[in-house]
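Open the model in your viewer and keep the selection tool at hand. We will go from stop to stop.

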Amino acid sequence: MTAAASTRKTLNLNMGPQHPATHGVLRVELELDGETVVKATPHIGYLHTGIEKTCESKLYYKVIPMTDRMDYLAPMSNNLGYCLAVEKLLGVDVPEKVKWARVCLTEMTRIKSHLVWIGTHALDLGAMSMALYAFRERESIIDIYEAVSGQRMMSTYFRIGGLAYDLPPDFDKWVKRAIKQVESGLADYERLLNENKIFRMRTINVAKISADDAINWGFTGPCLRGSGVNYDVRKANPYSGYEKFDFDVPLGKNGDVYDRFMVRQQEMYQSIRIARQALDGMPDGPYRARIPGVVLPPKEDVLSKMESLIFHFKIITEGFKPPKGAVYQAIEAPKGELGYYISSDGTNKPHRVRVRPPSFVNLSALPKLVEGGMVADVIAAIGSIDIVLGEVDR
Amino acid sequence: MEEKVRQYLEANFKEAVIREDNFRGQQSFYVNRDYLFEVLESLRGDKNLEFNLLVDICALDWLGLPEEKEGRFEVVYNLYSLKNKYRLLIKVRLGGDDPIVDTVTPIWHSADWLEREVWDLMGIRFSGHPNLEKIVTPDDLEGHPLRKDFPLTYEMPQFSYNKNEPPEVIK
């Protein structure tokens with residue numbers, strides 16, 4: 001701030017917590033000089049429910065439903081991160097079919113999350129109809145959720161060592177239907193937004209961040225790639241068999257809102273590509289690993305073999321005891337690098353479950369993005385970093 | 001890569017590294033807290049290693065467990081090298097009576113909120129942090145919930161049949 005500006009009177013404005021463009025209960029305290037943002041301070045914690053603390057009093061497998069409720073727009077990504085972390089802690093592997101099914105479903109989840117983002121982001125910037133279109137396409141992915149798990153939102157479908165149930169026989173049909181609908185939708189969105197003059201004016205050169213700054217502020221996911229840094233956990237440190245899939249990592253150049261928008265839009269096409277490969281190459285096999293004492297045995301064994309019945313009973317009542325140690329497992333969630341740091345003290349409950357939420361770290365850079373800009377651009381910036389407050393506060 | 005980091009730390013910070021650990025392929029080094037800032041700064045600055053992304057800071061409480069004899073709290077710095085695609089955990093052990101460690105905000109901006117969260121939930125002080133305040137818990141909450149000695153209580157919800165009674169707190 002220059003000396004002349006400092007003598008001017010500034011206005012303090014609370015944006016949120018009940019502001020429709022803050023995507024949940026985020027409060028941003030803005031100090032305004034006219035329409036220019038002098039200082040922005042985000043306040044979070046309105047949705048803090050102590051999930052990390054609650055995990056410490058639950059058996060390992062009982063934590064899974066809580067992970068859905070952090071990033072509620074991408075529940076399967078959260079399930080995957082947690083299950084992979086516990087599998088790493090136990091040192092077990094899962095059957096091929098499970099890996100492919102998980103990849104297929106998490107990629108559809110990525111599209112689902114990005115569809116909500118594109119709808120609300122465009123809505124914030126004045127393209128009202130986008131929200132309706134995006135939610136229409138999202139419905140077809142929710143149908144997949146319903147087909148596999150019986151639940152439309154909080155699916156809790158992945159389990160440690162496998163899946164909750166086998167994939168339904170018409171799984172192909174549901175995914176292909178969703179892909180077809182999303183593809184036609186994406187073509188519409190491109191025509192509606194990419195060359196739209198108002199949308200371009202609201203996004204190009206707004207809330208810019210350079211590659212070095214993006215790394216320094218801990219950006220991951222599409223926000224980091226929007227600044228041109230090629231870091232995607234799926235490529236850099238593949239998990240769940242991602243090394244077998246062929247896909248590109250879209251990159252931006254300028255690190256502005258428009259580039260982050262383009263990165264996410266292109267990512268949806270890549271996700272469709274991965275989901276198609278996963279569908280075509282889905283191997284046959286069991287939907288759960290056979291690990292006595294850790295993974296539930298098949299139901300027919302429980303009904304006919306005594307050992308299986310005992311294991312079933314023991315796993316449900318006592319859980320299992322991983323060895324002492326701590327692991328960190330990162331996955332590429334729709335919003336960035338989602339990591340689980342799980343520490344075990346040798347008992348049947350985790351000693352500490354730390355979630356590395358991508359939204360939390362990305363949101364911390366909001367002041368950097370908006371300070372010096374116009375107050376209307378704050379909304380564009382919040383939309384472009386794609387936060388979910390359930391994950392920020394946990 | 002493990003070997004490279006080990007050699008680098010041995011050459012430059014022989015007295016700082018207490019021990020190392022490798023569990024399920026994840027390499028971690030335990031560092032003396034007095035040297036933490038220097039170690040992290042040079043790991044970031046080194047041209048070959050270049051751990052430029054601070055992914056996460058988290059804290060653990062070992063109260064009542066055999067690990068407590070090394071220090072009650074453990075702070076884990078999760079570093080990632082974009083150039084080498086390699087992850088490294090740097091861990092610091094802190095005693096229960098003075099859990100305080102140097103801030104790393106001058107090296108990474110992302111440490112700002114991460115350290116505030118650790119302070120809020122685990123009560124570890126970061127000396128030199130520009131704005132070490134509560135971040136997620138309500139202002140009137142006393143104590144640090146993720147500590148193992150934080151009392152767990154349950155308050156009965158008030159319904160029409162018990163609305164005139166004082167709220168019952170179950171410990």
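This is a predicted model: local features need pLDDT of at least 70, side-chain atom pairs count only at pLDDT 80 or more; totals for chains, interfaces and linings use all residues.

Stop 1: Select the strands of chain B. Five of them form an open sheet in the order 1-2-5-4-3, with mixed pairing. Strand 1 and strand 3 (53-61) are the edges, each pairing on one side only. On average, neighbouring strands are turned by 20 degrees against each other, direction ignored.

**Stop 2: the hairpin.** Select residues 17-23 and 26-31 of chain B. These are strand 1 and strand 2, antiparallel over 6 bridges. Find B:F23; opposite stands B:Q26. Between the strands lie 2 residues, and B:R24 takes a positive phi near 50 degrees.

**Stop 3: strand 5.** Now select residues 86-94 of chain B. Strand 5 pairs with strand 2 in the parallel sense over 4 bridges. Here B:I90 is the bridge partner of B:F29. Strand 4 (residues 73-81) also pairs with strand 5, antiparallel, over 9 bridges. Look for B:N78 opposite B:L89.

**Stop 4: two helices.** Select residues 36-45 of chain B. This is helix 2, lying across strand 2, strand 4 and strand 5, at about 170 degrees to strand 5. Next, select helix 3 (residues 111-122) of chain B, which packs on the sheet and touches strand 3 and strand 4. Its direction makes about 5 degrees with that of strand 3.

**Stop 5: the contact.** Show both chains. Chain A gives 32 residues to the contact and chain B gives 26 residues. On chain A, elements supplying at least two residues each include helix 9 (211-216), strand 7 (336-344) and helix 15 (358-363). That side of chain A has 12 nonpolar, 11 polar and 9 charged residues.

Note on methods. Residues are numbered from 1 along each chain as its sequence is written. Chains are lettered from A and ligands numbered from 1 in the order in which they are written. Two residues are in contact if their C-beta atoms, placed from the backbone, lie within 7 Å. Ala, Val, Leu, Ile, Met, Phe, Trp, Tyr, Cys and Pro count as nonpolar, Asp, Glu, Lys and Arg as charged, and the others, Gly among them, as polar. Two strands pair if DSSP finds at least two bridges between them. Axes are lines fitted to C-alpha atoms, for helices over the stretch in contact, and angles run from 0 to 180 degrees between N-to-C directions.
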